[in-house]
Amino acid sequence: MDAKFQYLLRQGDNALILSQQLCQLVGKGPALEEDMALSNVALDLLGQTRMWLSYAGEREGKGRDEDRLAFLRDAIDYRNCLLVEQPNGSYADTLTRQFLFDTWHYFLMDGLTRSSDERIREIAAKSIKEVTYHLRRSGDLVVRLGDGTDKSRAMMQAALEELWMYSGEMFLYDEIDNAMVEQGVAPPADALRKQSLDHMADILSEATLVMPSPDAWMQRGGKQGRHSERLGFILAEMQFLQRAYPGAAW
């Protein structure tokens with residue numbers, strides 16, 4: 001097994017699935033400005049997906065480009081974390097999912113800008129500009145709604161408690177992650193977890209929300225291809241055109 005290929009898939013799949021989830025909200029945002037912001041974040045993530053999956057295809061060397069990797073794999077072959085495939089739900093659910101992902105994503109990209117792999121450094125350097133905006137935006141909104149009305153605070157707290165069990169998987173390193181750390185490709189788990197949790201704690205405190213225990217039991221398995229049934233529905237919609245009309249082009 002090529003650990004680096006698998007690691008690249010994980011980054012690409014996280015961005016791809018979350019982008020697809022946000023695309024489903026186009027035209028459904030709670031306000032026009034936020035509707036446009038969600039669309040822009042989705043496009044940013046899709047652009048990052050292309051860079052990760054293009055490199056993964058080259059690394060694999062079997063002729064699979066970004067499109068084949070995105071549209072012609074089954075759910076069991078996806079390596080995204082379970083967090084990004086959780087339902088959009090209410091706006092509180094969507095925002096909380098985004099904030100948890102953005103926090104981890106920012107500190108990961110920051111670490112990858114110092115990767116021993118030149119190509120990964122380049123992708124991270126391009127991505128960090130967008131990811132910085134994503135984190136600032138989602139954090140600001142968490143504070144506004146958490147420290148807003150009684151109803152908005154209650155909805156944000158409920159969403160946080162529901163989604164928290166999916167946040168820990170991002171920091172649970174396996175043999176693939178550890179191989180990347182040993183090669184100097186990826187940042188170590190402990191540093192990434194501490195930076196992320198410290199930032200989450202600061203934002204959630206400002207938002208007057210109660211942060212669940214970092215040591216709580218966490219769901220896992222997405223990075224190894226064990227997903228919720230939700231991913232199958234996401235892929236069915238995302239992959240329909242390519243599956244129904246193989247090789248179709250505009």
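1. Surface first. The accessible surface of the chain comes to about 11,800 Å². Carbon and sulfur atoms account for 53% of that area. Please keep in mind that this is a predicted model. Buried residues make up 53% of the 250 residues in the chain.

2. Overall fold. The chain has ten helices and zero strands. From the N terminus on, the elements run α-α-α-α-α-α-α-α-α-α. The radius of gyration is 18 Å, close to the 18 Å that the globule rule gives for 250 residues, so the chain is as compact as a globular protein of that length. Along its principal axes, the C-alpha trace spans about 55 × 40 × 30 Å.

3. Contacts along the chain. Take the contacts between residues at least 6 apart in sequence. Of these, 81% join residues at least 24 apart.

4. Salt bridges, and the one at Arg10. The structure holds 14 salt bridges. In one of them, the side chains of Arg10 and Asp174 meet at 2.6 Å, N to O. This pair links distant parts of the chain, 164 residues apart. Arg10 sits in helix α1 (residues 3-23). Asp174 sits in the loop between α6 (150-163) and α7. Both ends are covered. Arg10 has a relative accessible area of 2%, so Arg10 is buried, the cut-off being under 20%. Asp174 is buried too, with a relative accessible area of 11%.

5. Arg50 and Glu66. Their side chains meet in a salt bridge at 2.5 Å, N to O. Arg50 lies in helix α2 (residues 32-60) and Glu66 in helix α3 (residues 66-71), so the pair ties together parts that are 16 residues apart in sequence. Glu66 counts as buried because its relative accessibility is 17%.

6. Asp215 and Arg193. Here the salt bridge is at 3.6 Å, N to O. The pair links distant parts of the chain, 22 residues apart. Asp215 is in the loop between α8 (189-206) and α9 (229-238), while Arg193 is in helix α8. Asp215 is exposed, with a relative accessible area of 68%. Arg193, at 30% relative accessibility, counts as partly exposed.

7. Salt bridges that share partners join Arg10, Asp174, Asp177 and Lys223 into one network. Asp177 deserves a look of its own. Asp177 lies in helix α7 (residues 175-182). Its relative accessibility is 4%, so Asp177 counts as buried. The Asp177 side chain makes a polar contact with the side chain of Arg10 at 3.1 Å. It makes another with the side chain of Lys223 at 2.9 Å. Leaving aside neighbours within four places in sequence, Asp177 is in contact with Tyr7, Arg10, Leu172 and Lys223.

8. Buried or exposed: what of Glu175? Glu175 also has its place in helix α7. Glu175 is exposed, with a relative accessible area of 56%. From Glu175 to Gly232 the separation is 57 residues in sequence and 26 Å in space, C-alpha to C-alpha.

9. A nonpolar patch. Which residues make the nonpolar surface patch of about 350 Å²? They are Phe240, Leu241 and Tyr245. Phe240 lies in helix α10 (residues 240-244). Phe240 is exposed, because its relative accessible area is 53% and the cut-off is over 50%.

Technical notes. Residues numbered from 1 in each chain as written. Predicted model: local features only at pLDDT ≥ 70, side-chain atom pairs only at ≥ 80, totals over all residues. Heavy atoms only, no water. Helix = DSSP H or I, 4+ residues; strand = E, 2+ residues; numbered from the N terminus. Buried < 20%, exposed > 50% of the residue type's maximum accessible area, 1.4 Å probe, protein only. Polar contact = N/O pair within 3.5 Å; in protein donor to acceptor, adjacent residues only side chain to side chain. Contact = heavy atoms within 4.5 Å. Patch = residues over 30% accessible without salt bridge, like charges linked within 9 Å, V, L, I, M, F, W, Y side chains within 5 Å. Areas by Shrake-Rupley, 256 points an atom, 1.4 Å probe, with all protein chains shown as cover. Salt bridge = Lys/Arg side-chain N within 4 Å of Asp/Glu carboxyl O. Rg over C-alpha atoms; globule rule 2.2 N^0.38 Å.
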